[in-house]
Amino acid sequence: MTRLIFFLCLLATATQAQKLAITTPTCEYQHNPLGLDAPTPRFSWVLTTTRRNVLQTGYELVVSRDAGFRDVIWKTGRVKSDQSVLVSYRGPALTAGEKYHWRVRVWDNGGNASAWSTTQSFEMGLLQPGDWTAAWIEPDLPGDAVNKPAPMMRREFTLGKPVATARLYITAHGLYEAHINGQRVGDAYLTPGWTSYNKRLQYQVYDVTPLLKTGVNATGVLLGDGWYRGNLAWADTKNIYGSTLGLLYELRVTYTDGTRQVITSDKQWKSNTGPIVRAGIYYGEAYDARLEKTGWTQTGYTDAGWQGVKVAEGGKDNLVATCGPPVRKHETFRAQKILHTPKGETVVDFGQNLVGWITLKVSGKAGDRITIRHAEVLDREGNFYTDNLRAAQAEVVYTLKGGGQEVYEPRFSFFGFRYIKVEGYPGTLTTENISATALYSDMPSTGSFSTSHPLINQLQHNIRWGQNGNFVDVPTDCPQRDERLGWTGDAQVFARTAAFNRQVAGFFNKWMHDVAADQQADGRIPFVIPNVLGPNDAASTGWADVVTIIPWTMYQAYGDTTFLRQQYPSMKAWVDYMERNSQHDLWNTGFHFGDWLFYRPFDDNDGTSAVTDKYLIAQCFRANSVQLMINAATILGRQDDAQAYSSQLKKIKDAFLREYATPSGRLVSGTQTAYVLALQFDMLPENLRAQAADRLVANVRQYGNHLTTGFLGTPYLCHVLSQTGHTDVAYDLLLQETYPSWLYPVKMGATTIWERWDGQRPDGTFQTPGMNSFNHYAYGAIGDWMYRRITGIRNAAPGYKHITIAPEPGGNVQQAAAELVTPHGIVSSAWKKAGAAFTLDVTIPANTTAEVVLPGAAGKKVIETRTALEQTGFAQKTAGSDITVTLGSGTYHFQYE
Ligand code: BGC
C-alpha cells in the first residue's frame, strides 16, 4: 500500500513537472518594479517543463488597472509567436505614478496550454518634470561645505485618515538616507547612485505604506557629500557637480477612501548637523556618537534649535527613473583572525578582499575614539599595508557616547579591504565585535562555473569577487584607492564575463546612458564615465570603444535590441569621429593607453617587453567598432549605414595590411596582443590566418607558456587560440602558475583579480604603490573563455534563443560544470573524464534549440541516457573527431568511450 502511494506520488510529481508552466515573469528585467519610466515596458517569462523539444507557439498577455483583471487596459488575445523575452506593451499610454497588473499564458508545440502566470505588477514613475510637486530644498547651515558635518533635515506631518498606499519619490544632490517614524526607508545604499548628475539624476521610489500611521508622522533625511560634491579623482578635485547638498522629496499618500495627500520637500523642513562629522568616498567616515540627535526621525522630537531650509532653484529636467539595480548589502564576513603584526598593530583579517564596510560593536566611555583603517594586503613582514591606496584615507573614526553597547557602521562611504587596523578600541577586541558586509549592485547571480581543478575554481571565485566589488552602481576600475572611477576600457574588457556571472542588463543600461550623456559633441568618449576628469580628454582606443562593444555584448546576452537602438547615435558619433581623424584610412593620431599593463620586466636588457604599436591596436579596435556598427545597422534595418560602413571597413582592413603587416603576414609588433587583435577582429585575409596563429603560438612557447598581454589583448587571447585550433595552448596559459599568468596571483593567495600580473612579487615585495590595486576586474576577462570554451556554453542567437554547447576539455582538468540563467531559462553543461570514458550532461531550456558538440565522439559508441545515439533520431553531423547533435529543450546525458 505505502509503495503504491509512493508510486502515485512520484507519478503525480512527474506529471506536474511535465506540465507547461510559466516561471519568473519580469517587467523590464525586474520583479514587480516600482517607478518605471519606459513608456512601453517589456515583459519576459520563462517556460518550464521537463518534457523535451518544447517550443512556445503562442502567448496571451493582459494588463489591467486592478489585480482582479476587471479593468483591463490591454490584452493581446492569443498571439502566434515564439517570443517570450522582452515583449513590448502596446496599449494606451500609461499614467505617471499608476500601478498596473499583468499576467501571461502560453501554448506550446505539443498542443499544451499553461495556466495563467501568477499576477504581476509594475508601477510607473514620475515621467515629466511637471509630475513633481516637490521643490528642491537645501539645508540652511552656515559653514556647510564639502568635508564638513553631514546635514540632517526633518519635518512632521499629519495624515488625517487611514493610509491605503504610500510611495516616496526621492533623490538628492549628494547621497541620502531617509527615515520615517524612526525606521529606515528601503534597503538600498549609496542612493541615488552615481550618474552624470548634471544631465541625469536618478530618483528612487519606495513603498512606505507600512511606515506610516494615521495622525502625526515624522520624517528625516541624512545627506552626504558622496560623488556629488566630495573629493573625486586627483588634485583635490571636489564640488564637481555643485557645492550645496539638496533634497527632493515627494511622499504620495492614498487613503483608504481613495483621496490623496502629498507631503513634499518644502519650507516646512528644518536642518541641523549631527554625529556624522565628515564623510567622503575616499576619506571614509568620522562619527561622533555624542552628537547623535536621538529620536530626530520620530514624532515628539523637539527641533526648536534647528535651522530652517532654503527652497532652491534646482531643476527637474535631469531627473530620470532608476533603471539599474540598487546597491544593497550582501554577504557578511566574520572576522577570521585578529593579528598582532611585527609593528605592533592590531589587525583583523576577514579572509576575503571585499567592498563594503565594517560593523563595529563596542562598549566604553563617552569620548573614547576608535580609528580603523582599511587595507587589501599585508606586506611581506606581515605589517598592515596602505601605500597602494594613494591619497584615499579610507578610515573610520568612531567616537563613543558611552553608557552601554554601541553598534556602528558607516553609510556615506565604502571601502575595498580584506584587513582592517584597529586603534583605540576600549577593552579587548574579539572576532565577535567586528564583521564586514559586502555592498554591491543587486544583480541576480546568473552563472556558476566549477571544475576539478582547485586553482581554477579559486580563479573563478576571484573573478566573481572582482565583479562584486567593482559593480557598486558604476563599473569601476578599482574600489579602494583615490580612483574608483568608471574607466571605460576596463568595463568593455570585462562586460562579457560580467554577463555570465550576473544579470547585468539593468546595470549596464544605466551606465550606457551616462556614456552617451557624457560623450563629447565631436563623438569622443571620455576616459571615465561619469566624466569627472574634465572636457579635454583625448579618446583612447579600446577605452572609447566601450560605446560599441557593451551595447553589442548586452544585445548578445539578453537579445535586447534597445541597447542598440538607444546607443546607435552614440556609436555612430564615435565611429565617425575616428573616420574624421584618420589619414589614408589609418586611425593613427592622438593619445592612446595602448595595451595597458602588458608584460614588461624591470631589467629588460635583451628586450622581452611585449610592447604593441598603439596605432596598430587602434586600427584593430576601429575595425571592430565599425563591424559592430554594421551589425547594429543591419539589425535595426538601416541598410544605407550598413553599406556605407561596410565599404569603410574594407578600407580600414586594407590600410591595416599596408601599414602593419608584411606580405607574408608578419606584424610590425611581434607580440601576442598584435596577433590576437589581428585575428580576433578579422584584420587578415584567410590565407594569412593560419600563419598568424602559428606565430602567436610560437610567441607563447617562446615565453615558456606565459602570456604577455595587457588590458586589450588579454580578453581575446585564449579565444583566438581556440578559434584557430589551439585550445591546448590556451589551457597551457590558463594552467600556468608562474608570473605572468592568471594562476600566479591565485598561488599568492589572491581572493580577487589584481590590477597587475605581479602586484605582489614571489619574494613578497609589491609593485609600485602608485598603481597597484588588488581588486581590478580587467584580467578577470578570462572568465568568458572559461564558460564559453571549457564548458562550451555559447549563444548562437541573441538572448540564447539558439544555443551552442561545445565543451573543449583540456589540460589536466578532469571535469567541469557551468550553469547559466539565460533570458529563456537555465542552460547547463557538465562534463567528466574518467579514463577513456567521457560523459556530458546538458540542459537546454524550453523555447530554445541547441547544437551540442560531443568532443572526440566520432567513431565511438555514444549513448544518450539509455539509447544509442543512432536510435535517438537526433539530427547529427560529424566533423573531424566531433559529433554535433541538434537538440530541442530538455536534459540529456551522453556517454562514450
Ligand atoms: C586605472 C585603469 C585605467 C587606466 C587607464 C588607471 O589608473 O586604474 O584601470 O583603465 O588608468 O589606462
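Residues are numbered from 1 along each chain as its sequence is written. In this predicted model local features need pLDDT of at least 70 and side-chain atom pairs count only at pLDDT 80 or more, while totals for chains, interfaces and linings use all residues.

A nonpolar core here is a set of buried Ala, Val, Leu, Ile, Met, Phe, Trp, Tyr and Cys residues joined through side-chain atoms within 4.5 Å; buried means under 20% relative accessible area (1.4 Å probe, protein chains only). The largest such core has 243 residues, and F350, W742, L854 and F894 have the most contacts inside it. Helix α8 (residues 614-635) gives the most to this core, with twelve residues. A second, separate core has 23 residues, including V63 and W74.

T191 is buried, with a relative accessible area of 5%. T191 lies in the loop between β13 (183-184) and β14 (201-207); helices (H or I, at least four residues) and strands (E, at least two) are DSSP runs, numbered from the N terminus.

Pockets are found on a 1 Å grid over the protein atoms alone, as open sets of points where a 1.4 Å probe fits, with protein on both sides within 12 Å along at least five of seven lines; lining residues have an atom within 4 Å of a point. A volume is the space filled by probe spheres set on the points.

| Pocket | Volume |
|---|---|
| Largest pocket | about 1100 Å³ |
| Second largest pocket | about 730 Å³ |

Among the 42 residues lining the largest pocket, Y29, Q30, H31, D442 and P444 are the closest to its centre. Strand β14 gives the most to this lining, with five residues. In the second largest pocket, α6 provides the largest share of the lining, six residues.

How values were computed: Side-chain values use heavy atoms; hydrogens and water are left out. Buried means under 20% relative accessible area, exposed over 50%, partly exposed in between (1.4 Å probe, protein chains only).
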